[in-house]
Amino acid sequence: MVVAENLSKIYKIGQVEYLALRELDVTFYDEEFAAVVGPSGSGKSTLLHIIGGLDKPTSGRVFVEGADLSLLSSDELAEYRNKKIGFIFQFFNLIQYLTAIENVELPMTINGIDSEKRRSKAMKVLEMFGLSDKASKKPTELSGGERQRVAIARALVNDPDLILGDEPTGNIDSQSARVVVEAFRKLVDEQGVSVIMVTHNLELTKFCDRIIKLRDGKLENIKVTAK
Amino acid sequence: MRPSDTLSLSMRQLKERKLRSVLTVLAIAVGVTSIIALSAQVEGVKEGITRSLEVLGPDTIMVTLQSGMIFTDADVARVRGLEGVSSVTPMMAISVKVSGIEDRVSLIGISSYDLAGYLGEIRLFDGTIYYDVPAPQAVIGYNIGIDEAGDLRYKAGQPILITIGKRTLSMTVVGVLDEYGTLSAIQPDNSVFMPVDYVKALLRRGGYTLMMVKAENSEDVEQIVDLIEQVFGGRARVMSVKQLTSTVISITSQLNLLLLGIAGTSFIAAGLGTFNIMMISVLERVREIGILKAVGMKDKGILFLYITQGLLLGLFGSIVGLILGSITAYTIPIILEGGFGLGFGRTPRTGLGQPQAGQTPGMIPSYTPVISLTYLSIAIAVSIVVTLVSTAYPAWKASNLSPVEALRHE
């Protein structure tokens, strides 16, 4: 369970202060596929970054499985990102000079796992996404949909409890987007993983358990979808 | 992250920017090359000179005169009578032309007994040594007797034409010396040796141009130098082998310091270049650093990644510099001897003492370069330290980037 308490984030751009989150309280449950929606600038990505330990709130706290993220050191946060979280980005964020399988292996490489073990694990995850024949391809040789599936495979390879998707379908065609969201649904239903997905595409929210809508850094409403 | 994975990821990053990595490696290699190549010349010259001085022995003192002046038999007798002097070898050295040899060579009048002392040991390539009679017999040096192709130019028993001033005389070659190596103090390879009495008669001069004095005891050398200086006042130059050796060592150490200074400057340039490249590399990879942090790489993991890249650049720079430096070290003497018409290298010089009128003094004696382990280690250590220092800041900067800001970087 992820609990955000009284969360505020202020960005300073020059002399201007910009409030991304305003005293936001929100809870995400285990084994839930939650969508975070809202107009641009509503604080969706900021919320996701804070939950993922990539950014720190200006005030307020985030508890993940009861642990207060604000108390973690930089190294502990890195470990948290490595082992507990799988992050998926709109622009894939794959490393260009590494092959698909090397990109998938990366979280395990950082974790110090030996090459044989990580290769077989990475191959297994790539197979799950029908990418075993693309393992030795560089990201530039893959289509958008394939790149995003490689990125998802990378997010899953360390068996995280929580998948965070920051507009993961924002840069791929609708067919691929559907494949991605269905994969998330399957992960939640079959493997008990929790997924929080920021999206603009309301069409895709029908696969989610709950839709959390933000506006101006505050919670506007929560809708539970009828599956 | 395992060290082997850090290493392989670093290699991948360097390979991704091949040209830039190669240029950085070359910039570092220049410093290593210059230290190794230049110090090898200085060390080689030093070793060559000291070895040639050792042949003469630490008890030897050379007494020479200013051009145009001569020592008389009385002068020789006075030196011989000084306390602590064991022997005095008077010699007559003049600059002459030999037919078939373009450059001028030294003609040295010396007794066969003294010649053995002068050379340390007599090694003959052909023929024999002359008898000490006033006859036109000559023992010629290796470079005169043997041509560039290694064939005998003059054999024992053959005549040799020697031009002294305006006179050209025919002498008989009785022996050709083995190669002694041309060194700054003695140039036996470029000299013609003849019985001293014959040379004196030939020149119609009752004297000598230099004296080789041996001390009974090498500890008394300084004292004898003082005594000889008192005898001749400012007329003569008195140099002991000991003094020469210490002068050579002090000059070469200063030269080495100078070279290290020059090489140091190139290292500063290489260091700034590396700093610049690593800074650019970090700036270019801000987003990638964000990705690595997002998937869980710790700050010190990023730091090690970039430090490793710096180390690799330093290491490759050292290896390339080591190879280029060794090649250059052995190429420099060949270029100098080839001369480019500069009058270096093979230009024969007077055997001893100051150069005679009309002869260009050789500036660089021939020698074998010596790559010293000390300078090799200095070069490698400095190049690695320089790259480490110039990588430290960019690496630290990379490790301290905020992950979310790094990911937002375009």
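Colleague: How many residues of strand S3 of chain B are buried?

Modeller: This is a predicted model, so local features are read only at pLDDT of at least 70. Strand S3 of chain B spans residues 85–98. Of its 14 residues, 10 are buried, so the strand is largely enclosed by the rest of the structure.

Colleague: Which strand pairs with S3(B) over 6 bridges?

Modeller: That partner is S11(B), residues 210–215, and the sense is antiparallel. B:Val85 stands opposite B:Ala215 in S11(B).

Colleague: Which strand is joined to S3(B) by 5 bridges?

Modeller: Strand S4 of chain B, residues 105–109; the two run antiparallel. Here B:Met92 faces B:Gly109 of S4(B).

Colleague: How many residues lie between S3(B) and S4(B) in their hairpin?

Modeller: There are 6 residues between them. Look at the backbone in the turn, too. B:Gly100 sits there with a positive phi of about 95°.

Colleague: And which strand is joined to S3(B) by 2 bridges?

Modeller: Strand S7 of chain B, residues 159–164, again with an antiparallel run. B:Lys97 has B:Thr163 as its bridge partner in S7(B).

Colleague: Now a helix. Why do residues three or four places apart point the same way in an α-helix?

Modeller: The general idea is that an α-helix has 3.6 residues a turn, so such residues point the same way. Now the case here. In helix H2 of chain A, residues 74–83, the buried residues are A:Leu77, A:Ala78, A:Arg81 and A:Asn82. Their arc around the axis is only 140°, which puts them on the same side of H2(A).

Colleague: What covers the buried residues of H2(A)?

Modeller: The cover includes pieces of two chains. From chain A come strand S6 (85–89) and helix H3 (100–110). From chain B comes helix H9 (286–294).

Colleague: Which residues is A:Leu77 in contact with, leaving aside neighbours within four places in sequence?

Modeller: A:Gly53 and A:Leu72. A:Leu77 and A:Leu54 are 23 residues apart along the chain, yet their C-alpha atoms are separated by 8.1 Å.

Colleague: Last, the domains. What does the domain assignment of chain B give?

Modeller: Domain 1 takes 3–52 + 246–408, and domain 2 takes 70–234. Their centres, taken over C-alpha atoms, are separated by 46 Å.

Notes:
Residues are numbered from 1 along each chain as its sequence is written. Chains are lettered from A and ligands numbered from 1 in the order in which they are written. This is a predicted model: local features need pLDDT of at least 70, side-chain atom pairs count only at pLDDT 80 or more; totals for chains, interfaces and linings use all residues. A residue is buried if 20 or more other C-beta atoms lie within 10 Å of its own, exposed if 12 or fewer, and partly exposed in between; C-beta atoms are placed from the backbone. Helices (H or I, at least four residues) and strands (E, at least two) are DSSP runs, numbered from the N terminus. The arc is that of the directions from the helix axis to the C-beta atoms. Two residues are in contact if their C-beta atoms, placed from the backbone, lie within 7 Å. Two strands pair if DSSP finds at least two bridges between them. Domain bounds come from an automatic or database domain assignment.
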